[in-house]
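Here is a brief report on one protein model.

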Amino acid sequence: MSSAQVGLLLYGAWQTILLTLGGMALAIVLAFLVGLARVSNSKILRAIGFVYVEIFRGAAVLVLAFWFVYALPSLGWQLDPTFAGILALGLNMGAYSGEVVRGAIQAVPPAQIEASIALNFTASQRMRRVVLPQAVAAMIPSFGNNVIEQLKATAVVAVVSIPELTFNGQLIWSGNGRAAAIFGGLLIGYGLMALIFMVLVRLLERKVAAATGRTPSPGMWKRMVARA
């Protein structure tokens, strides 16, 4: 494989990471908005959240990507292909992640909410100080799975000529025909990226768990030993 082909694959890997992180960042923002709307006391907000989840959870990423890349220009809106891919991935994953947020919030023990009411916390204070800190710690493992799903979904947007890893791999394959070597390399590349993302998620999970008191942090163990 020539240096130009290696460079093409590395650029595709960078584009894949950009699509994954950009799509997931959008998905998390949408997830919190939708998740909070789904548990709101307002019927209108609950209805908006429900409609969003049902529409974009059922919409295929490929169809969304085609819409943003090819349909919108006919309506006078031209989007950068990479941004269009991020938008398609984020809107789809935001619907799934919104259900993660809703479930985590509803899983907070009612006794703690009742205790915060007894302490005269307002609704916003209860959500900010009691519910969300515990809910976020419970969300992280599911968000980690969603990151991997987002990474794999980036291969879908190759169809709309976004130069991510799969698209560039297909370009190289069409030039030399070495399918086993090219697509074997792609499998390894996606596996390595997934492994890196999962390690980062595990580190984040431990830090959040330690910050919320779910597990002792290494510093806490050292202080306990010093006191003994």
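## Thr20 in helix 1

Thr20 counts as buried because its relative accessibility is 0%. Buried means under 20% relative accessible area, exposed over 50%, and partly exposed in between, with a 1.4 Å probe and protein chains only. Thr20 lies in helix 1. Helices here are DSSP runs of H or I with at least four residues, strands are runs of E with at least two, and numbering starts at the N terminus.

Beyond its neighbours within four places in sequence, Thr20 is in contact with Val147, Gln150, Leu151, Thr154 and Phe197. Contact means heavy atoms within 4.5 Å.

## Basis of the model

This is a predicted model; local features need pLDDT of at least 70, side-chain atom pairs count only at pLDDT 80 or more, and totals for chains, interfaces and linings use all residues. Residues are numbered from 1 along each chain as its sequence is written, and side-chain values use heavy atoms, with hydrogens and water left out.

## Overall fold

The protein has nine helices and zero strands. Its elements run α-α-α-α-α-α-α-α-α from the N terminus on. The C-alpha trace spans about 70 × 55 × 20 Å along its principal axes.

Of the 228 residues, 39% are buried. Take the contacts between residues at least 6 apart in sequence: 76% of them join residues at least 24 apart.

## Helix 1 against helix 6

Two packed helices are described by the angle between their axes and the distance between the axes. Helix 1 and helix 6 pack at about 145°, and their axes are 11 Å apart. The axes are lines fitted to C-alpha atoms, for helices over the stretch in contact, and angles run from 0 to 180 degrees between N-to-C directions.

Helix 1 contributes Thr16, Thr20, Gly23, Met24, Phe32 and Leu36 to the contact. Residues from helix 6 include Met139, Phe143, Asn146 and Val147. The contact residues divide into ten nonpolar, five polar and no charged. Ala, Val, Leu, Ile, Met, Phe, Trp, Tyr, Cys and Pro count as nonpolar, Asp, Glu, Lys and Arg as charged, and the others, Gly among them, as polar.

## Asn146 in helix 6

Asn146 is found in helix 6. It counts as buried because its relative accessibility is 11%. Not counting residues up to four places away in sequence, Asn146 touches Met24, Met93, Ser97 and Val100. Its C-alpha atom is 9.6 Å from that of Gly94, 52 residues apart along the chain.

## Nonpolar cores

A nonpolar core is a set of buried Ala, Val, Leu, Ile, Met, Phe, Trp, Tyr and Cys residues joined through side-chain atoms within 4.5 Å. The largest has 28 residues, of which Ile105, Met139 and Leu165 touch the most other members. Helix 1 (3-38), helix 4 (81-106), helix 6 (123-153), helix 7 (165-176) and helix 8 (179-211) each supply at least two residues. Helix 6 gives the largest share, eight residues.

Leu165 is in contact with Leu9, Gly12, Ala13, Thr16, Leu186, Tyr190 and Met193, leaving aside neighbours within four places in sequence. A second, separate core has 22 residues, including Tyr52, Val53, Ala65 and Ile86.

## Annotated spans

An unreviewed UniProt entry places the feature "transmembrane region" at residues 12-37, 49-70 and 179-204. Residues 12-37 are 100% helix and 0% strand, with end C-alpha atoms 37 Å apart.

How values were computed. UniProt positions renumbered as here; feature names shortened; annotations may be inferred.
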